[in-house]
Amino acid sequence: MHTENSKKIFQQSKRFLVGGVNSPVRAFSSVKSQPIAIKKGKGAYLFDEDNNKYLDFSSSWGPLILGHNYPTVYKTLQKAIKRGTSFGTITKAELKLASLLVKNISFIEKVRFVNSGTEAVMTAVRLARGYTQKDIIIKFEGCYHGHSDSMLVKAGSGLVDLAKNISEATSKGIPNNVIKDTIVLPLDDEQILQEVFEKLGSSIAAVIFEACPANAGLLKQSILFIQKIQQLTKKNNVLFILDEVITGFRLSFGGFADKYKIKPDLVTYGKIIGGGLPVGAIAGEAKFLDLLAPIGPVYQAGTLSGNPLTMKAGIATLKVLLKNKVIEHLQVLSNYLNQLFIKEITPLFDKLPFAISLIHEESIFWMNIHQKNKEHPIRNIHDIDKNAPKIYARLHLLLLNKGIYLSPSIYEVFFLSYVMNTDHIEYFILSLKETLIELSNDYTIGPMME
Ligand SMILES: *Cc1c(COP(=O)(O)O)cnc(C)c1O
């Protein structure tokens, strides 16, 4: 495969852009290779600057549930851009997108649009603090909520110690006060959650939870754990923020909440809701949302918020989701993928020093690379095998060479899109099969597992 042009672009980018990228994971450092510079996307495919073609399972990290330039989204944008790109005032488009949410998702009465998932979460957290008049935010290790200060606090190196909150930050530049007010708990541990509520319930403003955690692999949680969060928050005047930036409109139109009958107080969206343009949204009951300015005392604003192009791309995307059987189609594909994986891929691990389990939830999937005798439900970031990143790096590059574009980190999930069909799934499985056969003939893979 020729990648000279991509290499050249990355090399030059490093001179002018920090690390050559505008978002760290794009540097491909966790798969120990170099980013591919993309020239265009069409349907299920990406095309790079060296004219290689890839089947795209990254989906721009999730927004493109319909694939690249889906015809109705493309036509909508083409028409919209003739009228201008931003007006900085109210438009029919933002009204329409908000009403699509309110009419189709039972627990939503009001919406505020912003420009990224990060902003949506940041605003939801401020809103929760404003509403409850309390400060502490609880989040979970292995969940990602964008890059605002408090959301970059991680668990300390020891066990959760309630006496002294020993959280640290994953980034420099996070004030100690922010760290102090953020408690990071392990996923899948009702007991610790219960204890924290008993001791600190009266100081907790919100619990934020990533619906179906999909930013540290795919850490599907037991529904009982999530119901416990709902129960405890309700009892203690704590807001339950459900981060549906990935899962919204993907697990069902009403996201994880609708699929599993969970009722959050505030929900954050992003990704799909902007049809491929920058977006975020906070939604929930009016009694919470109406605390935002200009009605209430919680300030939030945005020069380009509710951008007409974004709103129209979002409307066009959501309309396809409501009209066509998108999620049903993706479900069929997802099950087919799982079936083929078990039939064609699973037997190959007899000849390899590791195994892979396919984990999937609707159109999200992930490959859990683990030791052969260690298969168990993976619910916690510490369950990910320490050798998995090295093996994934090998797989990633070999698959890339076969025209399969997967996200460049073991911790990222993959997405199926509406424009895919069974041929695409078969091509993926065939490529994975060939890759694993190549690896089983490679003597270096054994030592990699030590
Ligand atoms: C992507 C993501 C975010 C952040 O959204 P940005 O638009 O990248 O700021 C927040 N939460 C979750 C669950 C995400 O996957």
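Okay, let's start with K79, which sits in helix 2, residues 71-81. Helices here are DSSP runs of H or I with at least four residues, numbered from the N terminus. This is a predicted model, where local features need pLDDT of at least 70, side-chain atom pairs count only at pLDDT 80 or more, and totals for chains, interfaces and linings use all residues. Residues are numbered from 1 along each chain as its sequence is written, and side-chain values use heavy atoms, with hydrogens and water left out.

So, is K79 buried or exposed? It counts as exposed, because its relative accessibility is 60%; the cut-offs are under 20% for buried and over 50% for exposed, with partly exposed in between, using a 1.4 Å probe and protein chains only.

K79 also belongs to a positive surface patch, along with K82, R83, K92, K96, K319 and K323. Patch residues have over 30% relative accessible area and no salt bridge, and like charges are joined within 9 Å. A salt bridge, by the way, is a Lys or Arg side-chain nitrogen within 4 Å of an Asp or Glu carboxyl oxygen. Helix 3 (92-104) and helix 10 (308-323) each give two or more residues to this patch.

How values were computed: Patches are made of residues with over 30% relative accessible area and no salt bridge: like charges are joined within 9 Å, nonpolar side chains (Val, Leu, Ile, Met, Phe, Trp, Tyr) within 5 Å. Accessible areas come from the Shrake-Rupley method with a 1.4 Å probe; for residues, only the protein chains shown count as cover. Lys and Arg count as positive and Asp and Glu as negative; His and the chain ends are not counted. The place of a charge is taken as NZ of Lys, CZ of Arg, CG of Asp or CD of Glu.
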